[in-house]
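Let's walk through this model together, starting with a pair of helices and then moving on to the cores and the loops. Keep the 3D view open as you read.

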Amino acid sequence: MRTMTCIEDLRQAAHRKVPRAFIDYAESGSYAEQTLAANRTDLERIKLRQRILHDVSQRTTQTTILGEPASMPLALAPIGLCGMQHGDGEILACRAAQAAGIPFTLSTMSICSIEDVASAVGKPFWFQLYVMKDRGYIRSLIERAAAAKCSALVLTVDLQVIGQRHRDIKNGMSVPPQIRLANLIDIATKPAWALSVLRGKRKTFGNIAGHYPGMESVTVLSKWIAEQFDATLSWKDVEWIRSIWPGKLILKGILDIEDAGIAAKSGASAIVVSNHGGRQLDGASSSISILPPIAEVVGSQIEVMFDGGIRSGQDIARALALGARSCMSGRAYIYGLGAGGQAGVARAIEIMRNELLTTMALMGVSRVEDIDRRVIASM
Ligand SMILES: Cc1cc2nc3c(=O)[nH]c(=O)nc-3n(C[C@H](O)[C@H](O)[C@H](O)COP(=O)(O)O)c2cc1C
């Protein structure tokens, strides 16, 4: 892993190791992928100030996220089908995050179940909730997360319907992969991936399989989501979830100042300014362009987290400078997982942490709390 010096190296390695359908699933955005692209280009446009001759010998990326100590202002975002990038992917990524001292979020649409991960790792993790039509089932998922001692519930509020990702449809995206000649040939060229998935605990959606019989045979994922996910979800449901979840609640997928204002009064502990990594409303603002006004309006009332396009420590510094308290990483750690399992995720985190430390030094800053608008040269 030492020769992997940046997230792009891990991305290229993941492309060599993970079958086409799953790497396409990770890379895709919705429709014309304009918002996906904007997440990156708008981040890159932000120029940082180079400051000199400040004593930066005592730097630390140590901070708190939701009141808990974290080694850096980063959490691993929920990623559906994580365990299809590498066998037992959720367990491996969670272990890497915990060893690095940052939170890991398990997706509702994970391959390993809540219980699989809880029994394989040493510390609490976060659980991300998608709300489906069957509310009895949602209650039971929340109860399972509480029983597993999950330390926060991340309620994703930007996926009541699914944004179309063309490549998933073209690839016939399913879990496990469809037996098509092209898929078989592709998998045959990725033996390490095949072995890791074969040896993995599960080959379907761990949290859901038992509840929805026949789930394994569903061929196109988006069709299943369209049938099961609840398009009636509203702020009333947030209240309901708040009433049955005893712990910290994070609302993920806020991209509007008005919505952020409502969220700040909802009893949630934090929001994640996010457009789902450009996978939902194509044509929506990039996450980074909407972060400053949201942070300005609600930053003193609720903890503001950020995701969308984070690929380096420099990007983390940019988001903190514009008002985020911490960031979430999606694809950056998924590339690490595909490239090298737990060691790859650990490397992704280490790369971004080292970059953040060096960036802080070159900006003349010693603590993450001191990264604010003053470090921005231009936008
Ligand atoms: C392959 C993939 C799967 C995802 N699955 C979920 C999910 O199950 N639940 C969720 O809330 N967000 C999901 N997201 C969104 C991420 O949590 C996060 O918001 C996004 O990846 C951030 O952008 P980035 O990938 O540029 O870091 C997914 C993103 C990707 C790329």
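Predicted model: local features only at pLDDT ≥ 70, side-chain atom pairs only at ≥ 80, totals over all residues.

Residues are numbered from 1 along each chain as its sequence is written, and side-chain values use heavy atoms, with hydrogens and water left out.

Helix H12 covers residues 257–264 and helix H13 residues 287–298; they pack at an angle of about 35°, with their axes 9 Å apart. Helices here are DSSP runs of H or I with at least four residues, strands are runs of E with at least two, and both are numbered from the N terminus. The axes are lines fitted to C-alpha atoms over the stretch in contact, and angles run from 0 to 180 degrees between N-to-C directions. On the H12 side, the contact (heavy atoms within 4.5 Å) is made by Ile257, Ala260, Gly261 and Ala264, and H13 brings Pro293, Ile294, Val297 and Val298. By class, seven of these residues are nonpolar, one is polar and none is charged; Gly counts as polar and Pro as nonpolar.

Now look at the largest nonpolar core, which has 114 residues; Leu129, Ile271, Leu291 and Ile371 have the most contacts inside it. Such a core is a set of buried Ala, Val, Leu, Ile, Met, Phe, Trp, Tyr and Cys residues joined through side-chain atoms within 4.5 Å. Buried means under 20% relative accessible area, exposed over 50%, and partly exposed in between, with a 1.4 Å probe and protein chains only. Helix H15 (331–363) gives the most to this core, with 14 residues. Apart from it lies another core, of 13 residues, including Ala77 and Val154.

Helix H2 is mostly covered, with seven of its eight residues buried. Between H2 (20–27) and H3 (34–45), the loop holds Glu33.

Most residues other than glycine have a negative phi. Glu33, though, has a positive phi near 60°, and is partly exposed at 24% relative accessibility. Leu53 has a positive phi too, of about 55°. Leu53 sits in the loop between strands S1 (47–48) and S2 (63–65), and is exposed at 85% relative accessibility.
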